[in-house]
2 protein chains.
Amino acid sequence: MSTNELIQKGEKAKQAASLLAKKTTKQKNDALKLISIQLIEEKEFILAENKKDLTAGQQNGMSESMLDRLKLDEASLKEMANAVMSLTLLKDPVGEMIEQWQRPNGLLISQIRVPLGVIGMIYEARPNVTVDASSLCLKTGNSVLLRGSSTAIRSNKAIVRVIHRALEKSELPAEAVQLVEDTGRQTASEMFKLNRYLDVLIPRGGAKLIKTVVENSTVPVLETGAGNCHVFIDESAGKEMAINIAVNAKTQRPSVCNACETILVHENWAAMHLQELVEILQDKGVTIHGDGRVPGNKIIPATKEDWATEFLGLEVAIKVVGSTDEAISHINLYGTKHSEAIVSSNSENVNKFFNEVDAAAVYHNASTRFTDGFEFGFGAEIGISTQKLHARGPMGLPALTSTKYIINGNGQVK
Amino acid sequence: MSTNELIQKGEKAKQAASLLAKKTTKQKNDALKLISIQLIEEKEFILAENKKDLTAGQQNGMSESMLDRLKLDEASLKEMANAVMSLTLLKDPVGEMIEQWQRPNGLLISQIRVPLGVIGMIYEARPNVTVDASSLCLKTGNSVLLRGSSTAIRSNKAIVRVIHRALEKSELPAEAVQLVEDTGRQTASEMFKLNRYLDVLIPRGGAKLIKTVVENSTVPVLETGAGNCHVFIDESAGKEMAINIAVNAKTQRPSVCNACETILVHENWAAMHLQELVEILQDKGVTIHGDGRVPGNKIIPATKEDWATEFLGLEVAIKVVGSTDEAISHINLYGTKHSEAIVSSNSENVNKFFNEVDAAAVYHNASTRFTDGFEFGFGAEIGISTQKLHARGPMGLPALTSTKYIINGNGQVK
C-alpha cells in the first residue's frame, strides 16, 4: 500500500515538476505570498492539529526536547509565514545564465540554471521543515515529496492542506507539494530507491537519520548536518582573540552543527593561557574532556571517543598539540568536514591550515558559528552540505538547481 | 579476500589523496609527462600483456567488437600517450577562486576549487580508460581506484605498473593510482558501498553497467552515457538544413551516445520533404522504423519499444507529429535527457523547445553530435553527465573537483 502511495505521489510530483519548470518568477512569488497568508489565516486549524500530535507525544512518553521541536504556536507560525514571504524577495536562480561562449564553428553555447525536478525530503519531528522545504522547492521550480515523522503527521497533513489551498488560488500546480501519509519505516526505505521519480533526496535531522539515508539511498543525496568542528589556537594567537573565538564557538549556541566540539591548543600557547581559557569555559558551565596536558580542576580525561563526539551541548574536548601539522592531522582524522578554525598570526601556518584541512569551511581568526546560509549572505539556507559533490558548505537556492546547455547554430554538422 | 584488497587499496588511495592535494600544478604536469614517456618506453611490455588478454578473449569466444575495444597497438598507445601529454597544457582547476565577497561584519569569504579526494572507476574491457581515468584524476589532484573488467586485467595491470614506475620518478605518490586486481563480480558490488574511501564513483561502459551502478551504489555516482537523442524538424525548417542535420546526427558516427536515434517530423514538413529524407537515409544504409505516416519503401512499423531504443547503429525511428508540443512530450517521455535538437526558423517554437525539453544539451539548427567535451572547448572530457546533480552535460576537468570556503576574519564572533 505504501508502495502505491509513493508511486502515485511520485508520479504526480513529477508531472507537476514539468508544469512548474515553465512558471515565471512572478507566478512563483505570487504563490509563495498566498501560502504565507494562508498559513496565518488557518492558524487555528494548524495549531489544533499540532495540539493532537503533542498530546499523542506526551501520552507516548516523548522527551521534552522532542516535544519542544514538535510544538508550534502563534509566534512560530508567524515566523514560518514571514520566512515564506521573505523568499519572494530573493533572486530566482532559475533561468540565470551562468556562462556563454562561442565556438570557432559559430555555435553559441549558453549554460543556464534549471530546476532539479522532484526533491525528496526525509525529516524528523519538526513541522516547520514542511513549510520550509515546500517553499524553497517552489521558489526554485521544484516539486517536493515530503516524508516527515509519524509523530508530526497531523501537523504535517494540516500544513500541506493549507499549502494546497493556497496553491489552488495560484498559478502553480498544487500537486507540486506531496506528503507521504504512510509514515511506516518502509516508506522511508522505499524513498531511498525511488530513483524513477526523485532527482535528489535531502535528509533533515539527527546524525543517525542522515547516516541511514546516505548508506542506503541510491537516489542522489544532499548530505547535510553533522559537525564535529574544531578551533585550533596556534602558538602565535593573541590571548584575547583566541579565548573569545573558542568560547563563542563552543557556547554561543552549543546545540547547532557549526558549534565547536574540540579545541586544539598549541603547547606554547597552552603553557601561558590554557588555564585561563579552561576557567572561562567552566564558568560558563562547560564540562571539559582534556588530554593529560590540560591544566585545571574537574578535567575529565579525554578518550578517543571524545575526539569523535559531536557533544551538541555544554561539553568540549581539549587537546594540546605540538604543531600546526599535528592539529591538521587530528582534524582530518576526527572532523566531519564541516567547519574548522585556526586562530593565528602566522601566515605560513594559516595557509597550511587552509590548504590541508579537508572541510567545507575553514576560518582564520573567526568563529566556526558563521557557517550558515544567512551569515554567508545567501538569504536562505537549504542546509549545510558536508559532501563534496554538487554543493559544499552552506547551500542557498542555487543548490536546488541543475543546469542545461542551450546551443544555437545555423546548420552546423560534424 | 576481495574485501581486504578493496579496503587496503581504498585506504592507500585515501592517504595518497591528502598528499596529492598539496601538489603544485607543475608537480602534477611533470608527473603526467613522465607517464606519457613511460607508456611509449614500455610499449612492448604493454602490448605483450594486451596480446595475452586478446588470446584469452579469442579462446573464450569474445565478439569481434569486444576484441576490437580490447585491442591495443602502437598507434593507439601513442594516441593514449599524446592525450596524457596534452593534459599538461590544460588549466589546472584546483586552487581556482570561484567567488569572493566581503560580509558587512568584515569576514572575507572565498570559494575555491579543491580535489574531490578518491574517485572510483568501474569500467568495461577498454584498457585506454585505465590511462585516461588515471591521468584525468592526477591532473585534478585526485586519487583513483580502478576496477576494470577481467577480460582486460593483464593489460590493466601492465598499464598501472607502467604508471607506477613513472610516478616513482615524480613528486606525486605512486599510490594515488590503485588497480583492483580481483575482478570478480563481488568487488564491483563492494565498490558500490565503499563510501568510507570513495568520494565518487564513475561507471564507464554500456547502458547495463551504468544502470547497475546507479541502482545499487550508495557512493555518489557521476552518471554518464546513455543517449536516446532526437532531432525534431519543425514545419518552418528549411529542407536542406533539416536533412543535413538529421542525416549527420544519425550517420556520421552512429555508435556514439550523442548520435540521433529518433527523428520527429512536423506533418507539414513531412508532406513536402519526408520522402526525400527517408531515401537519403536509406541510401546511407539506414534501416527505418516509421510510424504509419512515414512515406517510402521498406519502412518497418515502429513499436513503442523503438521509441525507447538507443540503436547505436544504422537504424532510426521516425515519427510524424502535429506540433512542437507533441514533439516535446515525446522527447520528455522517451529521451534519456542527453542531447535534443530542433531545426526551425520559428523562434517561438525554438524557445518552447529550449524551455520545455528536459535534457543536458538542447540544440537549435545544429547536430546533436556536438555534445562532447572537446567540441565544447573543454580540452578534455570525463564523460557526458545525464544526471542533474553536480555536473550535467559534457564534463571537463572541473567536474572532478569540489569546492571549499575559506574565510578570513580579524576576531569575529557571533
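Hi everyone, let me start with one residue pair: V118(A) stands opposite S143(A) in β4(A). Before going on, this is a predicted model, where local features need pLDDT of at least 70 and side-chain atom pairs count only at pLDDT 80 or more, while totals for chains, interfaces and linings use all residues. Residues are numbered from 1 along each chain as written, chains are lettered from A in the order written, and side-chain values use heavy atoms, without hydrogens and water.

Back to the strands (DSSP runs of E, at least two residues, numbered from the N terminus). β3 (118-123) and β4 (143-147) of chain A pair in the parallel sense over 5 bridges; pairing takes at least two DSSP bridges. They belong to an open sheet of 4 strands in chain A, ordered β5-β4-β3-β6, with parallel pairing. β5 (177-179) and β6 (200-204) of chain A are at the edges with a single partner strand each, so one side of each has no neighbour in the sheet.

Now, E261(A), which lies in strand β8 (260-266) of chain A. Is E261(A) buried or exposed? E261(A) counts as buried, because its relative accessibility is 0%; the cut-offs are buried under 20%, exposed over 50% and partly exposed in between, with a 1.4 Å probe and protein chains only. Leaving aside neighbours within four places in sequence, its contacts (heavy atoms within 4.5 Å) include K250(A), E310(A) and E315(A).

Finally, the two chains. A rotation of 180 degrees with 0.0 Å of shift along its axis superposes chain A on chain B, at RMSD 0.0 Å, by least squares on C-alpha atoms of residues with pLDDT of at least 70 in both. That is the relation of a two-fold axis.
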